[in-house]
Amino acid sequence: MPVAWDTTLVSRLTPGSSALELFESTQLDAARVLIPAVSVMEVVCGHARASAGRRRSERLLNWLPGFLARPDVGVLGFTRTAAFAVGEARARAPFPPSRRARDRRSKAERRVSWALDMQVAATAWAFGVPVATENVADFERLSELLAELYPRAKPLEVLPSPL
Amino acid sequence: MTREAATHLGTTPNDALILFAELGARLYAQEIEMARTERLQMQAIVEAAGPVEPDAEYPTEEEAREAALFLRRTGGWA
């Protein structure tokens, strides 16, 4: 079964990285890695914000379009099913779980990030594929939330990072 | 692409073409299954919403306009 990577993993797809090597090695398998469109947005935004004066981000911003255009790179769109589910999930849990010790982000940044994680989780949930993440605790909470809202739907499976 | 894959897989280009056709069919089947799941998940949302009451009161045009204005003012996610 294919696996969707969340943004924590998609952001590690860079030329020559072990993440890219692993990604490419799965693309001809049944268990290929798919990229949620929301994660593409987050990664592009991160590089675009950091690109001023930073050659590495500029180079990655130039590399990404070609990578995304490759026929073997599967991107999962944000569908009506995911959109509706996120709407209900955000209304039920508008705030992220409590801050972890090493998390230095502001309250506003964590709220934005929570909403985007919801979109990634709902994307994988909508297509019935597991999501792999470095942030297992939050995604497990999101999986529970979706299961509470839609008990008859196929639940979202959360996998730890393979990296 | 095929030649590269053939080298990677340690096979000849012709074998690789057959392999690619098989893989293509498998990946296509996956996409069909994912699209089917997406429809079923939407169905689960519809079921969770419950039946629509025949005499349910829907917002009038005026109420809908007010709601749209409210969402625009608040950003909808406040």
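Helix 6 of chain A gives the largest share of the lining of the largest pocket, 7 residues. Helices here are DSSP runs of H or I with at least four residues, and strands are runs of E with at least two, numbered from the N terminus.

Some ground rules. This is a predicted model, where local features need pLDDT of at least 70 and side-chain atom pairs count only at pLDDT 80 or more, while totals for chains, interfaces and linings use all residues. Residues are numbered from 1 along each chain as its sequence is written, chains are lettered from A and ligands numbered from 1 in the order written, and side-chain values use heavy atoms, leaving out hydrogens and water.

Back to the pocket. A pocket, on a 1 Å grid over the protein atoms alone, is an open set of points with protein on both sides within 12 Å along at least five of seven lines; a cavity is a set where a 1.4 Å probe fits but cannot get out; lining residues have an atom within 4 Å of a point. Grid points are joined across faces, edges and corners, and a volume is the space filled by probe spheres set on the points.

The largest pocket has 29 lining residues, and those closest to its centre are A:Thr8, A:Glu42, A:Arg105, A:Glu109 and A:Ser113. Four elements of chain A give two or more residues to this lining: helix 1 (7-10), helix 3 (37-50), helix 6 (107-127) and helix 7 (136-149). By class, the pocket lining has 13 charged, 9 nonpolar and 7 polar residues. On classes: Ala, Val, Leu, Ile, Met, Phe, Trp, Tyr, Cys and Pro are nonpolar; Asp, Glu, Lys and Arg are charged; the others, Gly among them, are polar.

Now the closed spaces. There are 2 cavities of 30 Å³ or more. The largest cavity holds about 50 Å³. Its lining is A:Val10, A:Leu13, A:Ile35, A:Val40, A:Val43, A:His47, A:Leu64, A:Phe67 and A:Leu68. Helix 3 and helix 4 (55-69) of chain A each give two or more of these residues.

Around it sit A:Val86, A:Ala89, A:Met118, A:Ala121, A:Ala122, A:Leu142, A:Leu145 and A:Leu146. Helix 5 (80-92), helix 6 and helix 7 of chain A each give two or more of them. This lining has 8 nonpolar residues, no polar and no charged.

Next, helix 7 of chain A. It has 14 residues and spans 20 Å from first C-alpha to last, close to the 20 Å expected at 1.5 Å a residue. That expected span is 1.5 Å times one less than the number of residues. Which residues of helix 7 of chain A are buried? They are A:Asp138, A:Phe139, A:Leu142, A:Ser143, A:Leu145, A:Leu146 and A:Leu149. These lie on the same side of helix 7 of chain A, because they cover an arc of only 160° around the axis. The arc is taken over directions from the helix axis to the C-beta atoms. Buried means under 20% relative accessible area, exposed over 50%, partly exposed in between, with a 1.4 Å probe and protein chains only.

A:Val136 is also in helix 7 of chain A. A:Val136 counts as partly exposed, at 26% relative accessibility. Its C-alpha is 6.7 Å from that of A:Val158, 22 residues apart along the chain.

Last, chain B. It has 3 helices and 0 strands. Of its 78 residues, 15% count as buried.
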